[in-house]
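This briefing walks through one protein chain, topic by topic. Keep the structure open while you read.

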Amino acid sequence: MAKPYKYATPICLALTALAIIGAVLAFLLWNPLPLLILLLPTAVYEVYRTQGESTKWASWLLLLVVVGEVVLVIANVELDVAAFLGEEAAYVGGYEVPMGDLRVVAPAAMAVLAVILLIRTRGVYTKWLAVIIFLAAFAVVYTMDASYFGRLLHVGVEEGLDKIP
């Protein structure tokens, strides 16, 4: 059964505003924490709105990644995933994600999960929330490591070009 949508538009508008405020603060402070904290309600609402089995799993995983990223940033945990796995890139949901510091790889995984939700969900509000999360993930990556952002963007462009017939 479809979730109620009477207040979905104002809620999504408010969550968009929170993400914008978080992004502005993240860029002003050059710290992704305000954006991540203000992104939590969006991830929670995404979990609430998704209904399909695969989208429900993706939204829960996305919420866990956002919470985990908040913990990693607060605790200033540095873990080189590439050295740990012995791989320069991994495939997440069929998309190549360059490896590096876990605090930077996690938002890249958020972006991939948001794309999965965008593709697999039918609801306009769940798509809206996925777009918010997708854009916020790139802002988080950029404020954490601008060079990684460039590598991720390069891989994204290559993946996109490979999908064009």
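This is a predicted model: local features need pLDDT of at least 70, side-chain atom pairs count only at pLDDT 80 or more; totals for chains, interfaces and linings use all residues.

Leaving out neighbours within four places in sequence, T55 contacts T50, L117, R120 and T121. T55 sits in helix 3, which spans residues 53-75. Its relative accessibility is 6%, so T55 counts as buried.

**Overall make-up**

- The protein chain has 7 helices and 2 strands.
- Read from the N terminus, the order of elements is α-α-α-α-β-β-α-α-α.
- The chain has 165 residues, and 42% of them count as buried.
- Take the contacts in the chain with a separation of 6 or more: residues 24 or more positions apart account for 65% of them.

**Helix 5 against helix 6**

- Helix 5 covers residues 102-120 and helix 6 covers residues 124-144.
- Their axes come within 8 Å and cross at roughly 160 degrees.
- Helix 5 is therefore roughly antiparallel to helix 6, as the angle is over 145 degrees.
- The crossing of helix 5 past helix 6 is left-handed.
- Helix 5 contributes R103, V104, P107, A108, M110, A111, A114, V115, L117, L118 and I119 to the contact.
- Helix 6 contributes K127, A130, V131, I133, F134, A137, F138, V140, V141 and M144.
- By class, the residues of this contact are 19 nonpolar, no polar and 2 charged.
- L117 of helix 5 is in this contact, and L117 is also one of the residues that T55 touches.

**Helix 2 against helix 3**

- The axes of helix 2 and helix 3 come within 9 Å, with a crossing angle of roughly 160 degrees.
- That angle makes helix 2 roughly antiparallel to helix 3.
- Helix 2 and helix 3 cross in a left-handed sense.
- From helix 2, the contact uses L33, L36, L39, L40, A43, V44, E46, V47 and Y48.
- From helix 3, it uses K56, S59, W60, L63, V66, V67, E69, V70, V73 and I74.
- The contact of helix 2 with helix 3 has 15 nonpolar residues, 1 polar residue and 3 charged residues.

**Aromatic rings**

- The count comes to 6 aromatic pairs.
- In the pair F27 and W30, the ring centres are 6.3 Å apart and the planes meet at 45 degrees, so this pair is tilted.
- F27 is partly exposed, at 37% relative accessibility.
- W30 is also partly exposed, at 46% relative accessibility.
- F134 and F138 make an edge-to-face pair, with 4.9 Å between centres and 65 degrees between planes.
- Both F134 and F138 lie in helix 6, 4 residues apart, which is about one turn of the helix.
- Is each of these two buried or partly exposed? F134 is partly exposed, with a relative accessible area of 27%. F138 counts as buried, at 17% relative accessibility.
- F27, W30 and Y142 together form one aromatic cluster.

- A139 is a residue of helix 6.
- At 10% relative accessibility, A139 counts as buried, because the cut-off for that class is under 20%.
- A139 touches F27 and L35, leaving out residues up to four places away in sequence.
- A139 and F27 are 112 residues apart in sequence, yet their C-alpha atoms are 8.2 Å apart in space.

**Positive phi in loops**

- W30 has a phi near 50 degrees, a positive value in a residue other than glycine.
- Where does W30 lie? W30 is in the loop between helix 1 (8-29) and helix 2 (33-49).
- N76 has a phi near 55 degrees, again positive in a residue other than glycine.
- N76 lies in the loop between helix 3 and helix 4 (81-85).
- N76 counts as partly exposed, at 48% relative accessibility.

Notes:
Residues are numbered from 1 along each chain as its sequence is written. Side-chain values use heavy atoms; hydrogens and water are left out. Axes are lines fitted to C-alpha atoms, for helices over the stretch in contact, and angles run from 0 to 180 degrees between N-to-C directions. Angles under 35 degrees count as roughly parallel, over 145 as roughly antiparallel, 65 to 115 as roughly perpendicular and the rest as oblique. A crossing is left-handed if the near helix is turned anticlockwise from the far one by less than a right angle, and right-handed if clockwise. Contact means heavy atoms within 4.5 Å. Ala, Val, Leu, Ile, Met, Phe, Trp, Tyr, Cys and Pro count as nonpolar, Asp, Glu, Lys and Arg as charged, and the others, Gly among them, as polar. Rings of Phe, Tyr and Trp (its six-membered ring) pair if their centres lie within 6.5 Å; planes under 30 degrees apart count as stacked, over 60 as edge-to-face and the rest as tilted. Buried means under 20% relative accessible area, exposed over 50%, partly exposed in between (1.4 Å probe, protein chains only).
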